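Subject: Structure handover, charged side chains

Hi,

Here is the structure I promised to pass on. Please open it and keep it on screen while you read.

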Amino acid sequence: MNVTRIVILSASLLASVAPASAAGVADAPAGAASCSGCHPATSRVDTTVPRLVGRNPDEIVTAMHAFKSGERPATVMDRIAKGFSDDEVKAIAAWYGAQKD
Amino acid sequence: MTGKQTSRRDFLKTAAAGAAMLPMPAIAQGAPGQLVVVGGGFAGATCARFVKRIDPRISVTLVEPNATFIACPFSNGVIAGLRDLKAQEFNYDKLAADQIALSAASATGVDTGGRSVTLNNGARLPYDRLVLAPGIDIRWDGLPGYNEAAVERMPHAWKAGEQTLLLRRQLEAMPDGGTVVISAPANPFRCPPGPYERASLIAYYLKTKKPKSKLILLDAKDAFSKQRLFQNAWKELYPNLEWVSLSSGGKVTSVEPASKTAVTDFSRHQAAVANIIPPQKAARVADLAQVADRSGWCPVDAMTFESKQQPNIHVIGDAAIMGAMPKSAFSANAQAKVCAAAVAKLLAGEKPVEPRLINTCYSVVAPDYGITVAGAYRPKDGVLVDAEGGGVSPIDAPASTRAAEARYADGWFNTITTEVFG
């Protein structure tokens, strides 16, 4: 929860100097930038990969844990999830939760 | 957060005090900095856009001579007649709309001491930070017989565009029963699974259009990316595809363009169509900026992608070497975003965040058959190393998984090209 609050706070601080659509880019936690290689930042993209932007952070954390343990079937996310610690996943999830399209 | 604001102010104060004596062009004007990016591919275009998003006050100039970018990922589908080259083409209109200054020119010199780039149109661009994302050049001294003239007879098609279409036309013109020869280089090179995806899709074309033909893939290596997955798929789908490893005499030692012959230590392979994927190196601007080492590639720091040879110059994408990350469009895009964040921090006098990166490489073996290699990376002792996990698609996955990965591959291409150019 602390992480979430800090991220939201930093996003709102930044909004005063950057365009609203870019709020928080400067404060993306380690690893978050890589996700958007596959998970589209906007709804304009034709892909079956779900968006992370604006998602409930708890959902992202739960999904990552399930990918990591193998409980949830995946094509690549099982292999990628193992590369991130629980804290890293939490920070990434909180940041995506605070983003807007 | 308050710490960050304070340190930026303190830095600017210090910088302003020092500006009277030091040549710091942008900071002297009170701006947060001047960034020049050379190369408008997956790495360079991404970096330019993300720096602008992170701090719109940073002045960003993208130096790229071509008005149209032609993407390499998925261009093997163009060669096999499964896709139009138009689907590979992108322009820089959205980057211009992001207030990125576009300079349609080539870099002809880099003054590392005076921090400026000179261009072939006579312009000189001063920089506080320079990002080089130039991609690859062919090593014309790397394979005897393979010179600039040879590419018409034996296309490399390793930079997408006219070469891609030329190889496609040669395949289309080939009579049924002809032999296609592909030569794959030793590591490192752009897109490690690329030669094997290409062999797969050309084999698909031959199987569906010219079934009496065969394909020989001559390799300067004994092992390659996603090897078991490719080989299993070939066994299942393409009996006319023969892979010749290094230890079986697969290394092409010279070529004879007039007869389209690839020569190895043990035999001569005369082809109806020959695709030579030659040895490569970082593109020329890396030499101008003195950031390439004796390997021909550019070693960089794993935290910021700053050159290990020249301060204030960062190298990202295929031209860079930084440890375990492969030379892929996904890597280039991921590195560019990390580099953008680091450059913005450094220009503000702040410490960059220790990064985490991901790579995912899709290869399409047939239209409904996709496979991947994926990995996460973190810095250790100045290079990027593999984090836990990673690896390739399961060896024994059902057809539905292969089909799903082929669909995800399409989605990946749409997502990444939208992020970079859309």
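This is a predicted model: local features need pLDDT of at least 70, side-chain atom pairs count only at pLDDT 80 or more; totals for chains, interfaces and linings use all residues.

**The overall picture**

Side chains of opposite charge can pair when their charged atoms come close. Over all chains, the count comes to 20 salt bridges. Here are some of them.

**A pair between chains**

Start with Glu88(A). Its salt-bridge partner is Arg378(B), and the closest N and O atoms are 3.2 Å apart. This pair crosses between chains. Glu88(A) sits in helix H5 (residues 86-98) of chain A. Arg378(B) sits in strand E23 (residues 369-380) of chain B. Glu88(A) counts as buried because its relative accessibility is 12%. Arg378(B) has a relative accessible area of 23%, so it is partly exposed.

**A pair within one helix**

Now go to helix H7 (residues 162-173) of chain B. Arg168(B) forms a salt bridge with Glu172(B) there, with the closest N and O atoms 3.2 Å apart. The two residues are 4 apart in the helix, so about one helical turn separates them. Arg168(B) is partly exposed at 21% relative accessibility. Glu172(B) is partly exposed too, at 42%.

**A pair across the sequence**

Next, find Asp318(B). It forms a salt bridge with Arg190(B), the closest N and O atoms being 2.5 Å apart. Asp318(B) lies in the loop between strand E20 (313-315) and strand E21 (320-321) of chain B. Arg190(B) lies in the loop between strand E11 (179-184) and helix H8 (194-209) of chain B. The pair therefore ties together parts that are 128 residues apart in sequence. Are these two residues buried or exposed? Asp318(B) is buried, at 9% relative accessible area. Arg190(B) is buried as well, at 15%.

**A lysine without a partner**

Last, look at Lys260(B). It lies in the loop between strand E14 (252-256) and strand E15 (261-264) of chain B. Lys260(B) is buried, yet it has no salt bridge. The nearest side chain of opposite charge is Glu152(B), 10 Å away. What lies 3.5 Å from a polar atom of the Lys260(B) side chain? It is the backbone oxygen of Ala272(B). Leaving aside neighbours within four places in sequence, the contacts of Lys260(B) include Arg153(B), Met154(B), Gln170(B) and His269(B).

Best wishes

How values were computed. Residues are numbered from 1 along each chain as its sequence is written. Chains are lettered from A and ligands numbered from 1 in the order in which they are written. Side-chain values use heavy atoms; hydrogens and water are left out. Buried means under 20% relative accessible area, exposed over 50%, partly exposed in between (1.4 Å probe, protein chains only). Lys and Arg count as positive and Asp and Glu as negative; His and the chain ends are not counted. A salt bridge is a side-chain nitrogen of Lys or Arg within 4 Å of a carboxyl oxygen of Asp or Glu. A polar contact is a pair of N or O atoms within 3.5 Å; within protein, one must be able to donate a hydrogen and the other to accept it, and residues adjacent in sequence count only if both atoms are side-chain atoms. Contact means heavy atoms within 4.5 Å.
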